[in-house]
Amino acid sequence: MLICLRRKSKYVWVVMFAINETWQCELLHSDVPTWVHWPCVCLCVFRCTVMPTQHDVVWHECTCETVHRSHHVAIASPIAKKTCVFSHNINTGTMSIGGSAHERPTLAPMGRGDIVLVTGGSGLVGHGIRSALDDELRARKLADVEKREYIDALGVQWVFASSTDADLTQTTATQALFDRVRPTHVVHLAAMVGGLFRNQRQNVEMFRVNSAINDNVLACAHEHRVTKVVSCLSTCIFPDRTTYPLDETMVHDGPPHDSNLGYAVAKRNLDVLSRLYRRQYGDRFVTVVPTNVFGEHDNFHLDDAHVIPGLIHKFHRAKAHGTPMELMGTGAPLRQFLYARDLGRMFLWALRNYDEESPLIFSVPELAEVTIKDVAQSIARHLDYDGAIMWTGDERQNGQHKKTASPDKFLALYRESQGKEFEYTPFDQALRATCQWFVEHYDTAARV
Ligand code: NAP
Ligand code: GFB
């Protein structure tokens, strides 16, 4: 296996091969930018053994004839596609593993042998990812049903964990989950989540629970040398008083809205912690920032839910009992609603393609923004509710007026890598499917 790493005008070549079940690694530093010449012109050769089980490196030989400067090289180990950072200290002449990676080799595409752990895999977004994986299987005529653990179309094993598998606020439970699953990749969704009113009531818990979960998950992913982590933020982390549309550079520009200060700051800290692991250890930790999400398998709790599932439940109940509908606030706030199945496809893309320090916004276009009043009327239509809709008119129940975010960066990267546009499910179609799913699953699977 040969990996080429460009260092300014120079090239560094890394050759990895297996002998007697240990991986040999040769790192060749050459002035000539074409690999066919490397045997003749290499200036120094470092030899090491990467133990296949512990992913440790043992230097059994180091010949270093000419070294012009200290250098750090990140190597993707073929054993579990781990990234190791090899450093040569010019003063002591020693080699070490760890330190910051200034250069990152392109990772091999995901495939057989990779294991993706999805924390929070039993929730709304986790189900969106499962649906996206199932759609890929169907497209390849490998139809599968939604399962908790399965092999995807690329041969990758997926494990969707819930809080019953491990309470991720607890360090030992988190470690045990990682020891058991031994993931090569992590999609980190697990969080204490809720709509505006739950956030207002439980700001302290939102901060403490989510901070603990995020600290445990990233620390374990680092200790296990996970190849990549994609963590989930939310557009509520952006400043409340700002200009629009929001973009990825604006996350820390001012305080978030008071209503969800605890949740938003815990999420902002997840962004900061991911960046720090990247900078200090070269970990491939990235973050994505979805707008308001909805879909099948949501939490439809009357008091704690987000607005779409909350209203679906309320309209369904009002219709069944013939009671009047009075909704919170004025209905004037604006939101961009993203279907969980579309978000699932975005997560698959990010896991396979995105590797930047900056968070990446996952949103519908700005023009798809709708008022809460519009949404209420659409839900009433889909559920055949023809009674009156009243509003309390209390502006304190409105929450943030809007948080319009731009998906431009994602859309451009997607277009560039896939050679086509990202296709969103039309909002009305997705809303109808969600209403239908709720009615059909009210007595069984729906969280009410
Ligand atoms: P959800 O449906 O409420 O699911 C939450 C998931 O987290 C569940 O799988 C839950 O497990 C798990 N979880 C909660 N506490 C846990 C703990 N202590 N230990 C282990 N697992 C725990 O939420 P969601 O909407 O799918 O949210 C997923 C991610 O998307 C979150 O990071 C959220 O912040 C983000 N997000 C959501 C929205 C939205 O509108 N929903 C918008 C932007 C970002 P159990 O099923 O066992 O409880
Ligand atoms: O989805 P939602 O709760 O969250 O939407 P946010 C709240 C909007 O819907 C407010 C109106 O303008 C409410 O006045 N609304 C009307 C209702 N009736 C209801 C109802 O019965 N239930 C709910 N929930 N809303 C959350 C953040 O903000 O968005 C979280 O608090 C998270 O931190 C999430 O980021 C995505 O968009 O206001």
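Let me begin with ligand 1, whose shell divides into 14 nonpolar, eleven polar and three charged residues, where Ala, Val, Leu, Ile, Met, Phe, Trp, Tyr, Cys and Pro count as nonpolar, Asp, Glu, Lys and Arg as charged, and the others, Gly among them, as polar. This is a predicted model, in which local features need pLDDT of at least 70 and side-chain atom pairs count only at pLDDT 80 or more, while totals for chains, interfaces and linings use all residues. Residues are numbered from 1 along each chain as its sequence is written, chains are lettered from A and ligands numbered from 1 in the order in which they are written, and side-chain values use heavy atoms, with hydrogens and water left out.

Staying with ligand 1, there are 28 residues around it, of which Ser122, Ser163, Leu189, Tyr263 and Arg447 come nearest; a residue is near a molecule or strand if one of its heavy atoms lies within 4 Å of it. Helix 2 (124–139), helix 6 and strand 15 each supply at least two residues of this shell, helices (H or I, at least four residues) and strands (E, at least two) being DSSP runs numbered from the N terminus.

Turning to ligand 2, which residues come nearest to it? Of the 22 around it, they are Leu196, Lys314, Arg335, Gln397 and Asn398, and the shell has ten nonpolar, nine polar and three charged residues. Helix 4 (196–201) and helix 7 (307–321) each supply at least two residues of that shell. Leucine 196 places a backbone N or O atom 2.8 Å from an oxygen atom of ligand 2, whereas arginine 335 uses an N or O atom of its side chain, at 2.7 Å from a ligand oxygen. The protein covers 97% of the 710 Å² of accessible area that ligand 2 has on its own.

Now to the helix packing. Helix 7 and helix 9 pack at an angle of about 40 degrees, with their axes 10 Å apart, the axes being lines fitted to C-alpha atoms, for helices over the stretch in contact, and angles running from 0 to 180 degrees between N-to-C directions. That makes helix 7 oblique to helix 9, since angles under 35 degrees count as roughly parallel, over 145 as roughly antiparallel, 65 to 115 as roughly perpendicular and the rest as oblique. Helix 9 (residues 372–382) also packs with helix 11 (residues 427–441), at about 55 degrees and with axes 10 Å apart, and so helix 9 is oblique to helix 11.

Finally, two backbone details. Tyrosine 244 and proline 245 are joined by a cis peptide bond, with omega about 0 degrees, and proline 245 sits in the loop between strand 13 (228–232) and helix 6 (261–281). Histidine 297, although not a glycine, has a positive phi of about 70 degrees, and its place is the loop between strand 15 (292–294) and helix 7.

Technical notes. Polar contact = N/O pair within 3.5 Å; in protein donor to acceptor, adjacent residues only side chain to side chain. Areas by Shrake-Rupley, 256 points an atom, 1.4 Å probe, with all protein chains shown as cover.
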